[in-house]
Amino acid sequence: MAKRIDVESLNVYYSDFLAVQDASIKIAPLTVTAFIGPSGCGKSTFLRTLNRMHEVIPGGRVDGKVMLDGEDLYGPGVDPVNVRRTVGMVFQKANPFPTMSIYDNVIAGYKIAGTRKGRNELDDIVERSLRGANLWEEVKHRLNRPGAGLSGGQQQRLCIARAIAVEPQVLLMDEPCSALDPISTLAIEDLISELKTRYTIVIVTHNMQQAARVSDRTAFFNLAGVGQPGRLVEYDETTKIFSNPSEKATEDYISGRFG
Amino acid sequence: MTEPDPLEEELRSAGAVADEQRRAAPAPTRGPADPPSSAAGGSGTVRSSISGQSVRRGDRVFKGLAAGSGAVLLVVMAAIAAFLVWKAWPALFAGDANKGNLFTTQKWSFSSEGPSNFGVAALAFGTIVSATIAMAIGVPVAIGIALYISHYAPRRLATVLGGLVDLLAAVPSLVFGMWGLYLLVPKTQGFQSWLNEYFSWTYIFDNTRFTNPNQYGQSLLMAGIVLAIMILPVVSAVCREVFLQTPRETVDAAWALGATKWETIRTAVLPFGRAGMISAAMLGLGRALGETIAVALLLSSAFKINGHLTEKAGDTFASTIALKFGEASGTPLGIPALITAGLFLFVITLIVNSIARAIIARKKDFTA
């Protein structure tokens, strides 16, 4: 079941440095939300707070609330490991495990969790996940080959297959296409529209056409200056952001006047 | 030594053809801005902005230096092997001069008149067993140290610990030997007798000779433990560097799938470091097999194969060479026999390293 995300006045820190200030956002289930903004504005940092990946960086911490269907991810008694099993993530650089085969990459989440499953069940998971990531036809004959031997676009889809294999409720994507050619990018964008029917998706992108193509709602992040914290400037329907934004800064950014 | 590189040959001949074509072509008329040709009569070659030698001098010099260094290595290895075989020859093929069998005899006695009686069996046993004990204890501990320093310890503590480990490598092996002999051996008599009491069923910890803990002491087990400590620094230093090289993205991938710290290490760090860990273990094994003075101090020589590791018996190739060198020159086969021991050590090390290389190569496709 896809879940909704409510972030309430979240401050994100790297040690003493405030990277994102007072961000609040409501993300509806089964939607695609795009985060756009200039480099260094904190959109990736903010994204990583949604599955508690931010705190694996030494000094990374937050204050504020991130509610997943009403449950605070940062509340007491919450295990970040279980958060990350619920909120999957795909990274900017495709990162299949270099020592694993395609097959083992897909089921890596189960292996890590120590879930015992029969061979048939695992085979089903691998096929379903790879089909879900539109990769099955390309790799079904070489599942035992190393995952790192695939092309960049295929590797990224393998990472998506790995993320959806464990059936998360939310999928976070941090610039998933920034290293891919236009055809692979298109493949991933098509995939996002399909995945949207089952997952809540949040995607960070530098490509504004991509944000306009794939997302229902768009959040624009900006920072006042060097050394200043990033802020969530505007969050609205994607069509509105790209046609008639309320904020001057958003309009300047999307029309290419800065950033 | 170096074969002519086919590609280079091709490039060079292609360049020569191009040169000829350039020379054959009529010189284009020069504009006023062109610099005057250095060739007399204006019939020289005109150099455009992209003409030049396809292989630069710097490339050639560097390639020569690198290839030369590689060749030096081969020459040195071959020279060592040839020297060992040559000097060991009288002992390798002693015929009637050796009453024993070179491979199976557990004796090391030489005579200046009559035939000698020697074989490397006990030395090979002691060398392999002490090195195995050292690896079994030292490598896991070293990997643990490396993981702690690279992934668990706070940065400041990690720096201090890393420095300490490196310092351990700077302790002379003689000091390790004396420490083992005068501290470890007396302090572990109770432990060794306890092993006999409760683990005699394992055979290796069985001790049929000693009845009193005070009799325990110098043994292959103790030598192995001291060797384990001696290989710690090199193994953990190499492992630490390897673990630190694990790509951030791979570690992130494990985190994002809901891995705990240990699961992240098991999924991302250890598989990535596999080849490096094997190489590190091989460096440690090299030291354990070849360690001389610490082992010579710690073992009480008996030239017997004895599987009871806490009993007083044990010799290794290296310790025997060190201990017997002084008296060896008095007999015709003394020195050749010691060099034979060196040759066996050399061959064992080569075999073990080849096996390690093969293990690393077997999963080549699955390394980063």
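**Exercise 1.** Determine whether A:Arg52 counts as buried or exposed, and identify the salt bridge that joins A:Arg52 to A:Glu55.

*Solution.* Step 1: A:Arg52 has a relative accessibility of 11% and therefore counts as buried, the class being under 20% relative accessible area, with exposed over 50% and partly exposed in between (1.4 Å probe, protein chains only). Step 2: A:Glu55, at 29%, counts as partly exposed. Step 3: The closest N and O atoms of this pair are 2.9 Å apart, which meets the salt-bridge rule (a side-chain nitrogen of Lys or Arg within 4 Å of a carboxyl oxygen of Asp or Glu).

The model is predicted: local features need pLDDT of at least 70 and side-chain atom pairs pLDDT 80 or more, whereas totals for chains, interfaces and linings use all residues. Residues are numbered from 1 along each chain as its sequence is written, chains are lettered from A in the order in which they are written, and side-chain values use heavy atoms, without hydrogens and water.

**Exercise 2.** Describe the interface of chain B and chain A by its area, residues and salt bridges.

*Solution.* Step 1: About 2100 Å² is buried, 65% of it on carbon and sulfur atoms; buried area is the accessible area (1.4 Å probe) that two parts lose on being put together, summed over both. Step 2: B:Ala256, B:Leu257 and B:Phe366 supply 33% of the area that chain B buries against chain A, more than any other three residues. Step 3: The contact (heavy atoms within 4.5 Å) takes 22 residues from chain B and 24 residues from chain A. Step 4: Three salt bridges cross the interface; B:Glu249 forms a salt bridge with A:Lys93 at 3.1 Å.

**Exercise 3.** Characterise the boundary between domain 1 and domain 2 of chain B.

*Solution.* Step 1: Domain 1 spans 1–21 + 54–93 and domain 2 spans 108–366, with bounds from an automatic or database domain assignment. Step 2: Their centres, taken over C-alpha atoms, are separated by 36 Å. Step 3: The area buried between them is about 840 Å², with carbon and sulfur atoms giving 90%. Step 4: The count of salt bridges between these domains is zero.
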